[in-house]
Amino acid sequence: MIPKIHQTEMFINNEIEKYQDETYWGSEENINKEKELINYLLKNKIINETWLDNHESDTNEEWLKEILKLLK
């Protein structure tokens, strides 16, 4: 689990970096980490279902960058 905002930012930056490897996107590791991150963000009320709906068409990298903006 991702317990602190600073660690969440590090986690997101790490995920963005991993997207440079085309084999990472859609991998089991990627999917599991995204689920963990979304659950964490929802549980801690950083985002809500409406936010997710509004960013549904974003690429994974785009919505991760948007999350980073929310955390600052």
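Colleague: Let's start with glutamate 15 and lysine 33: buried or exposed?

Modeller: Glutamate 15 and lysine 33 are both buried, bearing in mind that this is a predicted model.

Colleague: And what do their side chains form with each other?

Modeller: They meet in a salt bridge, with an N to O distance of 3.8 Å. Glutamate 15 belongs to helix 1 (residues 5-18) and lysine 33 to helix 2 (residues 28-43), so this pair ties together parts that lie 18 residues apart in sequence.

Colleague: Which residue does lysine 18 pair with?

Modeller: Its salt-bridge partner is glutamate 29, and the closest N and O atoms of the two are 2.9 Å apart. This pair also links distant parts of the chain, since lysine 18 sits in helix 1 and glutamate 29 in helix 2, 11 residues apart.

Colleague: How many salt bridges does the structure hold?

Modeller: It holds five, and one of them joins the side chains of glutamate 61 and lysine 65 at 3.3 Å, N to O.

Colleague: How far apart are glutamate 61 and lysine 65 along helix 4?

Modeller: They are four residues apart in helix 4, which means that about one helical turn separates them. Glutamate 61 is partly exposed at a relative accessible area of 24%, and lysine 65 is partly exposed at 40% relative accessibility.

Colleague: Going back to the other pairs, which residues are joined into one network?

Modeller: Glu15, Lys18, Glu29 and Lys33 are, through salt bridges that share partners.

Colleague: Changing topic, what does asparagine 60 touch?

Modeller: Leaving aside residues up to four places away in sequence, asparagine 60 touches Tyr19, Trp25, Asn30 and Glu34. With glutamate 34 there is a polar contact between the side chains, at 2.5 Å. Asparagine 60 is part of helix 4 and counts as buried, because its relative accessibility is 15%.

Colleague: And leucine 71, where is that?

Modeller: Leucine 71 is in helix 4, which spans residues 60-71, and it is buried, with a relative accessible area of 13%.

Conventions: Residues are numbered from 1 along each chain as its sequence is written. This is a predicted model: local features need pLDDT of at least 70, side-chain atom pairs count only at pLDDT 80 or more; totals for chains, interfaces and linings use all residues. Side-chain values use heavy atoms; hydrogens and water are left out. Helices (H or I, at least four residues) and strands (E, at least two) are DSSP runs, numbered from the N terminus. Buried means under 20% relative accessible area, exposed over 50%, partly exposed in between (1.4 Å probe, protein chains only). A polar contact is a pair of N or O atoms within 3.5 Å; within protein, one must be able to donate a hydrogen and the other to accept it, and residues adjacent in sequence count only if both atoms are side-chain atoms. Contact means heavy atoms within 4.5 Å. A salt bridge is a side-chain nitrogen of Lys or Arg within 4 Å of a carboxyl oxygen of Asp or Glu.
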